[in-house]
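Welcome! Please take a moment with the sequence and the 3D view, and then we will walk through a few places together.

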Amino acid sequence: MARTVAIGEQDFSKIITYNSLYVDKSGFIKEWWDNRDTVTLITRPRRFGKTLTMSMVDYFFSIKHAGRSDLFENCNIWKEKEYRKLQGTYPVIFLSFANVKGGSFRTIRKKICQLIVDLYEEYQYLIGDAVFRNRGAAYFERISVDMDDADLEISLNQLSRYLYRYYGKNVIILLDEYDTPMQEAYVHGYWDELANLIRGLFHSAFKTNPYLERALMTGITRISKESIFSDLNNLEVVSATSCKYKTVFGFTEQEVFEALREYGLQDQAGEVRKWYDGFRFGDCTNIYNPWSITKFLEEKKFAPYWANTSSNALVGKLILDGNNEIKMMVEDLIRGRSLVIQIDEQLVFDQLDQNPDAIWSLLLASGYLKIAGLHALDDDRSMGLLAYELMLTNFEVYLTFRKMIQAWFAAYKQSYHGFIKAVLANNLESMNILLNKIMQYVVSFFDAGTKPSEDTQPERFYHGLVLGLMVDLENRYIITSNRESGYGRYDVLLEPRNDVDDGIILEFKVNDPKKEKGLEDTVQSAIRQILDKKYAAVLEARGIKRNHIRIYGFAFSGKEVMIDGGTISAYESFTLP
């Protein structure tokens, strides 16, 4: 009989006690302990078993769980006889930043303080010991949600000292989802304040802590050493490209196929691979998303389960804020193409706005992209970094991007879909009415960069529009932007996938009052550019006749837009003014 699938259960004890589905990753305990790294940071995408693994480590080492060898008797770690004597022998400080979220520094700080308060309440029994005859009890009293920065920053260090004096052994510190508050700080604009606080807390807990035996941190991203790990030279970072612990987080293909057989779903293996495979850690390929696999085993139907567990706010923000090149590269990814990008895995969140390439590091760390290949660079400017060939990870991630793009247009969905229908029907009057209605909202939305300007609004808009068109029309058109054709680069080109639809070319121009009297002049200038630069060459090479190639000029002035155009053959009979 197949075991119960306990969706979302992250407590190791409950999973083992109730015989729920568990893929044995206990070998990590030996591997981690044998490596003898003082402080280990492991970055993996969300929902990849980080919290469950931390819970397993806690149950194995913590004195609180001494005598719980029953939890491990059927696990691989129990085959290592010398490790059995380690179970339940260390004081362990275990905390998680997973729920430390908020729109302000004050909110985040209070939540971190509350976590520390909860830890100290857990060890209230220490107060009655001789350890506290001097000033220990007084320090316990100062631990509150309103404690000052000095007390907060040394709180884990001090607790380590008290536990050492009580048990006579150094402590193990487990910190899960360490970077959640840092991502919140970037999105909501209080990065510097939080980075200073976290830097002090980490320095005291992990650098100048003589009572520390080992520390293990998990998160999604590898935040740069300069940001919060300043002089933490004892930190071992295990990122997605590292070979350490490569099969611990996520399911291997063998583990997935064994689970499919247990639940009678082995005939679905091929489709499961398409939807949920594609992750790679170090040199280990074919790693599957464990959250989606367990949901599939329970629901027995395919769906973007992983995508639905997050708002994708940070990724969406970076794409929206990103320059046109980033949006073009996202277009390529959605089409199944790969990108070759030079990656620095250390993220400097407070520089994301100035370093557009950093988005690819974030997308790789977050699991949206997979490494399809590595390319060594000989360029002196490469600074020893590798160029990675990156692709969307799998079909589920592809659907995630589609959903995110659709959400951008949700507020004006009716007008947007009406506009697309008008384009397909060559209805210029409706195109003008509907796009002007959309522009009242969309310009400020897509011009979301740190330094918006009227000149960049049309470009940000049309690249956002391209992504939206791709989502709605990809079954009928191959949609590209800013690619070479004829004697220049067109703005947007819709190449039909069938022999029925017309080819369509869109050109965008901002009105220049010094050169043009009004939008009428600007829109004709856009059309003239399409003709003069022979942007239709790529469509004609496909065998599409000129009377089936439609061209449209878009003229912008602030939030006002004018569209004009028609088939190329219609323009052959007269000369544009």
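In what order do the three strands of the open sheet lie?

The order is E6-E8-E7, and the pairing is antiparallel. Strands here are DSSP runs of E with at least two residues, helices are runs of H or I with at least four, and both are numbered from the N terminus. Strands E6 (251–252) and E7 (279–281) are the edges, each pairing on one side only.

E6 joins E8 (residues 284–288) through two bridges; two strands pair if DSSP finds at least two bridges between them. Phe 251 faces Tyr 288 of E8.

## About the model

This is a predicted model, where local features need pLDDT of at least 70 and side-chain atom pairs count only at pLDDT 80 or more, while totals for chains, interfaces and linings use all residues. Residues are numbered from 1 along each chain as its sequence is written, and side-chain values use heavy atoms, with hydrogens and water left out.

Helix H13 (residues 269–276) packs with helix H18 (residues 395–408) at about 45°, their axes 4 Å apart. Lys 274, Trp 275 and Tyr 276 of H13 meet Phe 395, Glu 396 and Leu 399 of H18, contact meaning heavy atoms within 4.5 Å.

## Around Phe 419

Now look at helix H19 (residues 413–424), which holds Phe 419. Phe 419 counts as buried because its relative accessibility is 2% (buried means under 20% relative accessible area, with a 1.4 Å probe and protein chains only). Beyond its neighbours within four places in sequence, its contacts include Met 431, Leu 465 and Phe 554.

Terms used:
Axes are lines fitted to C-alpha atoms, for helices over the stretch in contact, and angles run from 0 to 180 degrees between N-to-C directions. Buried means under 20% relative accessible area, exposed over 50%, partly exposed in between (1.4 Å probe, protein chains only).
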